[in-house]
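Hi,

Here is the model I promised to pass on to you. Please open it alongside this email.

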Amino acid sequence: MPEGGEAPRPANALKLHIPKPHARPGETPDFSDIDLPDPGEPPRPALNATHRDMRRHAYGLVRVLDMQGNAHGSWAPAIGPEVLLRGLKAMLLTRAFDERMYRAQRQGKISFYVQCRGEEAVAVAQTMALQHGDMCFPSYRQQGILIARDYPLVDMMCQLYSNAGDPMKGRQLPVMYSSQAHGFFTISGNLATQMPQAVGWAMASAYSGDVRIAASWVGEGSTAEGDFHAAMTFASVFGAPVILNVVNNQWAISSFQGMAGGEQTTFAARGLGYGIPSIRVDGNDFLAVFAVTQWAAERARANLGPTLIEHFTYRAGAHSTSDDPSRYRPAEEAAAWPLGDPIVRLKDHLIAIGEWDEQVHAAAEKETQETVRAAGREAEKIGILGGVSAHARESMFEDVYKELPWHLRQQRDEGGL
Amino acid sequence: MAVMTMIEALNSALDTVMARDPKVLTFGEDVGYFGGVFRVTENLQKKYGAQRCFDTPINETGIAGVAIGMAVYGLRPVIEIQFADYMYPAYDQLVSEAARIRHRSAGDFAVPLTVRMPYGGGIFGGQTHSQSPEALFTHVSGLKTVVPSTPYDAKGLLIAAIEDDDPVIFLEPKRVYNGPFDGRRDAPIQPWTKHPASEVPEEYFSIPLGKASIAREGEACTVLAYGTMVHVALAAAEDAGIDAEVIDLRTLIPVDIEAIVASVAKTGRCVIVHEATRTSGYGAELAALVQEHCFYHLEAPIARVTGYDTPYPHALEWEYFPNPPRIGAAMRAVMEA
């Protein structure tokens with residue numbers, strides 16, 4: 001390049017496309033390009049539909065609830081209000097838990113936290129549509145799975161506090177839970193690695209003549225990882241009984257979904273190329289997420305293979321306690337999200353069908369907050385993250401291998417040096 | 001007992017374990033119908049069906065990731081990475097996942113996985129079919145790394161690896177798949193049939209991981225080697241007329257420190273041989289262990305004979321490959337120091 005400016009470019013010079021979000025801080029949130037079909041369209045396909053039958057499901061958006069809380073169409077799940085109330089309470093509990101633990105991080109009681117505000121319906125509705133023995137391979141934003149499966153809140157908090165009650169013995173960053181008993185695979189901080197593992201688990205279940213299926217979750221940003229491609233390829237080739245979920249919450253830390261290819265096509269549409277039936281669903285619509293998951297689970301149980309689900313939602317909170325979203329997106333963007341808030345929308349539906357009212361809701365909110373407070377007090381009695389670890393120094397040498405080899409024994413015993 | 005090549009012994013190990021344990025299954029690129037590009041899984045699909053021995057898409061990330069999921073479920077998968085040089089796409093799954101899952105879940109989940117990989121040079125494979133990546137695994141906590149050098153050991157160690165409850169990287173020295181190559185490339189090809197370690201039980205047996213063997217007893221100096229280099233070191237001792245004690249490490253992690261110390265304490269001199277590149281290679285760890293445990297027995301600086309810190313050169317393979325003259329020179333150097 002010559003000094004003092006750019007070299008002249010030919011008229012037919014090639015151009016590089018760098019994706020840019022519609023709005024950055026200081027700009028007005030703009031979701032005008034989001035096409036929202038009417039609830040009920042496209043309808044629920046037959047269980048044995050193939051990817052060829054599902055272009056509208058992959059490029060469109062499956063919705064059940066309208067924005068007034070009314071359910072529409074063939075996707076409306078045949079579930080009683082008691083199930084919906086259970087879902088609402090699990091979402092409320094998840095949010096109350098997040099709020100408290102976010103504050104705990106700000107108070108220096110834990111080192112790190114990840115909220116799922118705005119995405120509660122994904123983990124909670126899906127878990128409720130699955131069976132208890134089905135194995136979940138989540139990413140770090142599906143704490144709603146544990147809450148919906150009644151994992152003790154105190155144990156979750158002890159993991160966050162890395163205290164003496166941490167079932168993971170202080171080995172992992174907060175939110176990296178693990179509970180085989182609750183069908184919840186140990187969370188990895190690496191992205192998308194759980195996806196091929198879920199496919200393998202599902203293949204093992206089929207190999208063993210089991211009846212349990214697997215499910216996995218990944219953010220839309222992480223679909224760019226090779227592991228996602230590996231998972232889709234193996235799931236399709238071997239017809240694995242697995243549900244692969246892409247939680248498209250619009251943001252991967254500061255990178256908008258276009259940086260993962262969301263400008264060109266939907267994330268659900270990626271599944272069609274692998275021959276996998278794929279659905280894009282309103283991730284803030286509890287009923288739609290439940291229905292779509294139930295459909296996918298029924299397919300898997302009927303040996304019809306994998307399903308890809310894109311949950312179209314919005315990450316209303318920060319990525320984690322380590323980033324400030326007002327540095328990379330308009331502060332008003334979450335409120336402008338055209339599909340609202342999942343808790344409000346299920347609440348409105350329950351009110352619309354006469355099963356709930358604002359007073360009861362306010363009381364339920366208060367009750368979940370009290371439940372979380374009580375659990376918090378109990379967990380903090382066991383300990384908070386401090387200068388002195390609650391865990392014996394020797395414990396770090398355990399579980400590296402099933403049995404302690406000589407070199408680790410030697411390193412353990414070097415302690416006094 | 002039957003006379004087997006290393007390939008036949010590995011095949012026999014898989015056959016033996018698959019017959020005993022329905023939780024064992026094996027897969028990889030070309031592993032099923034064709035029986036693997038090196039024939040290690042030959043006839044297993046015919047015998048055990050396509051559910052237990054099958055081909056996979058060409059995606060090492062997927063092969064490893066899927067196998068981890070299966071192991072977590074409770075199976076004992078044995079995967080083949082067609083060449084060790086192809087393992088890099090799987091590296092994240094092996095290092096960040098397989099190796100860590102037991103620890104990060106505090107024992108809630110375990111990964112009894114065996115990863116077979118043909119490795120090493122001497123076959124004119126160029127830089128993508130000749131590498132020795134063992135140090136990339138021995139550096140990772142939570143993995144065990146095993147390298148057999150004979151058909152007998154290959155079967156016994158592979159069975160032990162499959163039965164181990166932790167992930168095991170099983171590196172197969174492909175240069176000695178069909179015969180005990182001693183590094184004298186102009187010498188007539190030796191078949192396994194003339195080697196005593198080609199006598200392999202057809203039935204079940206295993207060799208505990210973490211135990212070295214003495215390939216040649218000697219008094220003059222100790223040679224630490226594994227895989228193909230065991231045979232090259234034996235030839236070097238013979239050519240140089242040096243009464244070397246050649247230790248076949250067999251397992252690199254956890255390494256048999258007692259065998260190393262016993263030999264170096266006796267000889268006071270140590271030569272370390274491997275095909276892999278030198279800097280930060282496994283030989284560096286061996287040298288550190290020897291000086292930590294045997295410093296006052298050492299009569300001479302420890303010598304290393306290794307591949308060079310270059311990509312594996314195709315046309316210059318025999319300049320790169322550690323051969324008997326280079327090892328002999330190192331033996332003389334430690335003897336004369």
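Below is what I found in it, chain by chain, with the cut-offs given as the terms come up.

A word on conventions. This is a predicted model, in which local features need pLDDT of at least 70, side-chain atom pairs count only at pLDDT 80 or more, and totals for chains, interfaces and linings use all residues. Residues are numbered from 1 along each chain as its sequence is written, while chains are lettered from A and ligands numbered from 1 in the order in which they are written.

Chain A

Chain A has 13 helices and seven strands; these are DSSP runs numbered from the N terminus, with helices being H or I of at least four residues and strands E of at least two. The radius of gyration of chain A is 23 Å, close to the 22 Å from the globule rule for 417 residues, so chain A is as compact as a globular protein of that length. (The radius is taken over C-alpha atoms, and the rule is 2.2 Å times the number of residues to the power 0.38.) Along the principal axes, the C-alpha atoms of chain A fill a box of roughly 75 × 70 × 50 Å. Of the 417 residues in chain A, 51% are buried, that is, 20 or more other C-beta atoms lie within 10 Å of their own, with C-beta atoms placed from the backbone.

The sheet to look at in chain A is open and has five strands in the order β1-β2-β3-β7-β6, with parallel pairing; two strands pair if DSSP finds at least two bridges between them. Its edge strands are β1 (135-137) and β6 (278-282) of chain A, each pairing on one side only. From one strand to the next, the twist averages 20°. β1(A) pairs with β2 (residues 214-219) of chain A in the parallel sense over three bridges, and C136(A) stands opposite A215(A) in β2(A). Helix α6 (residues 194-207) of chain A packs on this sheet, touching β1, β2 and β3 (242-248) of chain A, and its direction makes about 170° with that of β2(A). Axes here are lines fitted to C-alpha atoms, for helices over the stretch in contact, with angles from 0 to 180 degrees between N-to-C directions.

Where the chains meet

The contact takes 37 residues from chain A and 36 residues from chain B, two residues being in contact if their C-beta atoms, placed from the backbone, lie within 7 Å. On the chain A side, α6, α7 (226-238) and α13 (406-413) are the elements that give two or more residues. α6(A) gives the most, with ten residues.

Chain B

Chain B holds twelve helices and 14 strands. Buried residues make up 61% of chain B.

Chain B is divided into domain 1 (2-200) and domain 2 (213-336), with bounds from an automatic or database domain assignment. The centres of the two domains of chain B, taken over C-alpha atoms, are 24 Å apart. Between them, 31 residues of domain 1 of chain B are in contact with 30 residues of domain 2 of chain B. The elements giving two or more residues on the domain 1 side are α6 (134-138), β6 (144-146), α7 (151-163) and β7 (168-173) of chain B.

Best wishes

How values were computed
A residue is buried if 20 or more other C-beta atoms lie within 10 Å of its own, exposed if 12 or fewer, and partly exposed in between; C-beta atoms are placed from the backbone.
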